[in-house]
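Work through the exercises below with the structure open. Each task is followed by a solution in steps.

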Amino acid sequence: MKLKTKLMIAFVFMLIMPICMFLMIMFTVGNRQLHYLEVYEQIQQTETLAEGIGQDASTRSEESIPSAATLIPEIRIFMKNMAIAAVLILLLTALFLTVWIYAGINIPLNKLRTATHNIAEGNLDFTIDVNGDDEISDLCRDFEEMRIRLKESTAEKMEYDRESKELISNISHDLKTPVTAIKGYAEGIMDGVADTPEKMDRYIRTIYNKANDMDRLINELTFYSKIDTNRIPYTYNKINVVGYFEDCSEELGLDLESKNIDFSYSNYVEGDVEIIADAEQLKRVIDNIIGNSVKYMDKDKGRISLRVKDVGDFIQVEIEDNGKGIGAKELPYIFDRFYRTDASRNSARGGSGIGLSIVRKIIEDHGGKIWATSKPGTGTVMYFVLRKAAVK
């Protein structure tokens, strides 16, 4: 019951009770007065009659009918008892209403007080159970909802802090490898170890490649911070599918050839099909997937294939490799932040663990979907779909 309703009931009850008591007293007193008047009239009649018939009759009437002297104290006692009864009834009514209203307020307030103490001590693992429908109960339910949201927010913050620490640890570890290599080759050049043009060229190229690895890691870190604040700079344009992926395949072919990996490209889409996408971010998706395939390639002769297909309202891009593959238990988590199928931080493959999470974020921001299939020892196929541009 709402607090306002309780107060109105209490007010009406406290207003009605005195009126009812007054009417009851007046009714009772009226009846008693009539009774006493009747008795008094009988006394008067008896006294009049006694004067006519003699003293003996008077004596007999006095013995059978009470006198006025005996009626007055009786009336006073009756009025006093009625007043006491009225006061007691009003006190009991007020006490009952006070306890009723106090219990309805105090019980949920005690629960709120306990809850605030728990929150002040950092304990959010409790519940506030309230069954009433008054304003205090509504406040308790709102407080419980706030506790749940605060607990979720605290859990999210803890997870965010954990991920941030893991990211820093991953990046620090992975930056150490190219920095050590650059330092070592630079010292070799300064000490004259690279004493031939061929060695000098190899040392310089190695330093350059390691610097590129560092640049890639830093770019991933920068991009990750943009993902976390939803500030990825997208520039959407209509892109011709055939022309875009042919340019990508040429660049990828040259890069993978230098790494002794065979690359093949197939396009099954009509020449006029277009998508609305950010060309730079879409290239980041392809580079991250290809880079992941190269990183986990365990064959002497690696193979990577890029296929583009028409699937109705969407185009489907497939990137297949013949690398080490991914286990069935690990496959559902490969797009999660910081998840790495290689749990060892001493792995030479390195990686920040956010490459595929970046891929998923970009594809989902384009309104698409990404997934993967894999067989350990055979290879992995990454799929993603993008909606075609509306044809006018």
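Buried means under 20% relative accessible area, exposed means over 50%, and partly exposed lies in between (1.4 Å probe, protein chains only). The model is predicted, so local features need pLDDT of at least 70 and side-chain atom pairs count only at pLDDT 80 or more, while totals for chains, interfaces and linings use all residues. Residues are numbered from 1 along each chain as its sequence is written, and side-chain values use heavy atoms, with hydrogens and water left out.

**Exercise 1.** State how many salt bridges the structure holds.

Solution. Start from the criterion: a side-chain nitrogen of Lys or Arg within 4 Å of a carboxyl oxygen of Asp or Glu. The count for the structure is 16.

**Exercise 2.** Describe the pairing of Lys301 with Asp262 and classify both residues.

Solution. Step 1: the closest N and O atoms of this salt bridge are 3.4 Å apart. Step 2: the pair links distant parts of the chain, 39 residues apart, with Lys301 in the loop between helix 7 (279-295) and strand 4 (302-311) and Asp262 in strand 2 (residues 261-267). Helices (H or I, at least four residues) and strands (E, at least two) are DSSP runs, numbered from the N terminus. Step 3: Lys301 has a relative accessible area of 39%, so Lys301 is partly exposed. Asp262, at 36%, also counts as partly exposed.

**Exercise 3.** Are Glu144 and Arg147 buried or exposed, and where do they lie?

Solution. Step 1: Glu144 and Arg147 form a salt bridge at 2.7 Å between the closest N and O atoms. Step 2: both lie in helix 4 (residues 135-190), three residues apart, about one turn of the helix.
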